[in-house]
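New notebook page. I want to look up a few things here and write down what I find.

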Amino acid sequence: MHNASRYLKIGAIVLLAVAVLAFPSLAPNPYILSAGVLVLYYAALSTSWNFVGGFTGYISLGHGALAGLGAYGTGLLVAKSGLPPFLALFAGAALVAALAVPIGFAALRVRGASFVIVSIALVLILLLVFQSWASVTGGSRGLVVPRPFDLTRPEHHRVFYYLFAGLVTAALLAWWLIDRSRFGLGLKSIREDEDKAEALGTATFAYKLIVFVVSAGFTALAGGLYALWFGDLDPVFQFSILTGSYLVLMALLGGVRQLFGPVAGAIIVGTALEYFKVEYGDTPLHLVATGLLLALVVLFMPDGILPAIGDFLKRFDRTQRSSIREVTAAELREQRLSEGAAR
């Protein structure tokens, strides 16, 4: 049964990969294809968020600010400095990762609700800076980013769809490697009990800072890739607390301790957001639906959808030992039977 479960997981991953690769060919129109690009953008952001949230348990609402920095860093390097687009993409991500060091030094010294408040403050501060610094950022007029390819609209979406898919794959691979490393074990000890981990000799602050910088780098890459794809940046959208809230919801919905949890959450939430925006326009109905979904997840699936599915499948596995009491009773019964037969 264990092997069957393993093959089932591998089969699900293969099916997901095939579905992702085939989507551009199956999309009926450019809008649906652009919605697929947005879903993969959210998947990249939520997976990047999960480096911090999933490993350390720190809930950040400020990752939207890191994505905005990556977008503006890439956009400004292309539009103002004339750097080649993809060189600007990696240069912008490197700058954001470097900037994440002093941000992390300040933010990661607090925990719990205090950390959440600091992450929100980061978003608001950057929003004010980028709106006010109109001579450089364009302010509320926005910043136009030259597109890297001279392609038709559908082909432009198709190319960036695969670029985002590659970024999601790279982020998942990095998360998987950390999850199985000694470094990842130290991060998980912080998540379970930070004081105990520190007492046992784990360099908790250094661990948190390193994973925060890694998370910031991937988040900035996603933001920069978005800038090259969309081509128009607005501070109100790029530095929005809602973006960070969506990322938390996506990761919680799928399962923060699961490799594919944030991706599953991004597919569900990203698709729902696009549907509500198309059907109901600029009404706040999508915010109401998002709040209700978050409440349902917290109440009925606190560990996320993927763990809930795993628990459901385990019910059909008769070989699983469900509790210490059952195991002890079974062993005791077997022992008594063997003793009776020996007599």
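Predicted model: local features only at pLDDT ≥ 70, side-chain atom pairs only at ≥ 80, totals over all residues.

**Pocket, helix and a histidine**

I started with the second largest pocket, whose lining takes at least two residues from each of helix 2 (30-56), helix 7, helix 9 (204-230), strand 2 (232-233), helix 10 and helix 12 (261-280).

I counted 19 lining residues in total, and L38, Y226, W229, F230 and E274 lie nearest the centre of the pocket. By type, the lining splits into nine nonpolar, six charged and four polar residues. The space inside comes to about 450 Å³.

Next I looked up H157, which sits in helix 7 (residues 153-179). Buried or exposed? H157 counts as buried because its relative accessibility is 8%, and the cut-off for buried is under 20%. Setting aside neighbours within four places in sequence, I found H157 in contact with P30, L33, S34, V37 and W229. W229 also turned up among the residues nearest the pocket centre.

Then helix 5, residues 112-132. Its 21 residues reach 31 Å from first C-alpha to last, close to the expected 30 Å. I noted F115, S119, L122, V123, L126, L127 and F130 as buried there. They span an arc of only 125° around the axis, so they are on the same side of helix 5. A113, I117, I125, L128 and S132 are exposed on the other side.

What covers the buried residues of helix 5? My list includes helix 3 (63-79), helix 4 (85-107), helix 6 (134-137), helix 10 (235-238) and helix 11 (241-254).

Notes. Residues numbered from 1 in each chain as written. Heavy atoms only, no water. Helix = DSSP H or I, 4+ residues; strand = E, 2+ residues; numbered from the N terminus. Buried < 20%, exposed > 50% of the residue type's maximum accessible area, 1.4 Å probe, protein only. Contact = heavy atoms within 4.5 Å. Expected span 1.5 Å × (residues − 1). Arc of directions from axis to C-beta. 1 Å grid on protein atoms, 1.4 Å probe; cavity = no way out; pocket = protein on both sides within 12 Å on 5 of 7 lines; lining within 4 Å. Points joined across faces, edges and corners; volume = space filled by probe spheres on them. Nonpolar A, V, L, I, M, F, W, Y, C, P; charged D, E, K, R; others polar.
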